[in-house]
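Subject: Structure handover

Hello,

Here is the structure you are taking over.

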Amino acid sequence: MSHILVTGGAGYIGAHTVRALLATGHRVSVLDDLSVGHRHNIPGGVTLHEVDLADARATSRAVAESGPDAVVHFAGATEAGLSLRDPARFYRINVVGSYHLAEALRHSGTPPVVYSSSSAVYGQPDTVPIREDATKAPTSVYGRTKLDAEGLFAAYHVAYGLRSTALRYFNAAGASSDASIGEEHPHETHLIPLAILAAQQGRPMTLFGTDYPTPDGTCIRDYVHVEDLAAAHVLAVEALLAGAPGDAYNVGVGAGFSNRAVLAAVAHVTGAALDVTEAPRRAGDPAELVADAAKITSALGWRPRFTQLEQIVATAAAWHATQGPKASAAASKKP
C-alpha cells in the first residue's frame, strides 16, 4: 500500500487517522512538533519527524526524507476564541505553516494532500444545513486562516499540479472505541470534555451564550465522532491516490444538538448532575452549524457510524474514566 505522511499525527484527530490508515494497510509516518500532540499517541513502528512547520528547512528535509505518496495535513492552531486575541499565531501556524508544507511538496514530486479544514470557513450561514457552495464569511481569525489555506492549496493545484481535498468538518467529538485515544488538550475548550470534567470533579461549568435565536437559546452544533472523521480522511486520501482531482467536502452527521442537549446527554451518561453557570456569548460563535454531507456520501461513500449524541458522549466518557484522569486534571487548569 501507499506511504502517507500525517502532519499533526500525534494530536487528537490526527492520531485516530494514523490508526485508521494503518488498519487499512497503509504505511504511515508522522510530522509533529509535539506542542499539542502527544508522543504516546504514535503507534510503535511509525516514524516521527519532530518538526515545526514554521521551520521551512526542517519541513523540506522531513518531506524529502519520508518521500510520501500522499499527505494528510492536520497540524494547526484551532481555538476560535484565541484566534481573535492572537491572530499572528494563527496566521503563522495555519497559513505560513501550510505554505511551507506546500512548497516542500511542490519540490518533492507533488504528492496529493488531504487538508484538515473546518466548518468555521462558513461563519454565520444563511441557510442550514450548510452546503459546500454556501457563502464563506468566517467570523473568527481561525476560520479565515482555514479558508486562506484552502485557497493556497487550490492555487498550487492550478499552478503546480499539487492536488488537494479539503475536509470541512464540524464539531469533532468522542474518543476511540477502545478508550485508548481521547481529547487530551493542555487547555480544554470543547463542550463535551469540559462537561465530562465537571461531572467527574463535581465542579461548576460555564455555559456561554443563552440568547441565541435557537429553540433553547444556546448554540446548535453538528457533532461528528472522531473515528468517523478518521474514516473520511482515509477515503479522501485513497481517492486522491487513485487519481481524483480533489474537492472540498463537509463532514458531519447532518443533525444539530444544542449546548443544553449536550449537557443533558453528559449528565445522563455519567449519572452526575451538572452545576451550570450561564455566561455571555463568546466572540465568533455562530448560532447554528449543521452539515449537509450529501456530497461526501455521494462522491466517496462516507457515512457516519456514530449518529446519536449519547453514543458519542459515551465514548468520550469512557476515555476520561480509564485513560484521562491525568490529562483531565491538566486540561481543567487555566494556562
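Predicted model: local features only at pLDDT ≥ 70, side-chain atom pairs only at ≥ 80, totals over all residues.

Residues are numbered from 1 along each chain as its sequence is written, and side-chain values use heavy atoms, with hydrogens and water left out.

Helices (H or I, at least four residues) and strands (E, at least two) are DSSP runs, numbered from the N terminus. Two strands pair if DSSP finds at least two bridges between them.

Seven-stranded sheet

An open sheet is formed by seven strands in the order β3-β2-β1-β4-β5-β6-β11, with parallel pairing. At its edges are β3 (47-49) and β11 (248-251), each of which pairs on one side only. From one strand to the next the twist averages 25°. Within this sheet, β1 (residues 3-7) and β4 (residues 70-73) pair in the parallel sense over four bridges, and Leu 5 stands opposite Val 71 in β4.

Helix α5 (residues 141-160) packs on the sheet and touches β4, β5 (113-118) and β6 (164-169). Its direction makes about 155° with that of β5. Contact here means heavy atoms within 4.5 Å; axes are lines fitted to C-alpha atoms, for helices over the stretch in contact, and angles run from 0 to 180 degrees between N-to-C directions.

Three-stranded sheet

Three strands form another open sheet, in the order β12-β9-β14, and its pairing is mixed. The edge strands β12 (257-258) and β14 (288-289) each have a single partner strand, so one side of each is left without a neighbour in the sheet. Strand β9 (residues 220-221) runs parallel to β14 and is joined to β14 by two bridges. Arg 221 stands opposite Leu 289 in β14.

Helices

Helix α4 (residues 87-106) packs with α5 at an angle of about 15°, the axes being 9 Å apart. That makes the two helices roughly parallel (angles under 35 degrees count as such). Residues in the contact include Phe 90 and Tyr 99 of α4, and Leu 152 and Phe 153 of α5.

Helix α10 (residues 309-322) has 14 residues and reaches 20 Å from its first C-alpha to its last, close to the 20 Å expected at 1.5 Å a residue (1.5 Å times one less than the number of residues). Among its buried residues are Leu 309, Ile 312, Val 313 and Trp 319 (buried means under 20% relative accessible area, with a 1.4 Å probe and protein chains only).

Regards

Conventions: Buried < 20%, exposed > 50% of the residue type's maximum accessible area, 1.4 Å probe, protein only. Parallel < 35°, antiparallel > 145°, perpendicular 65-115°, else oblique.
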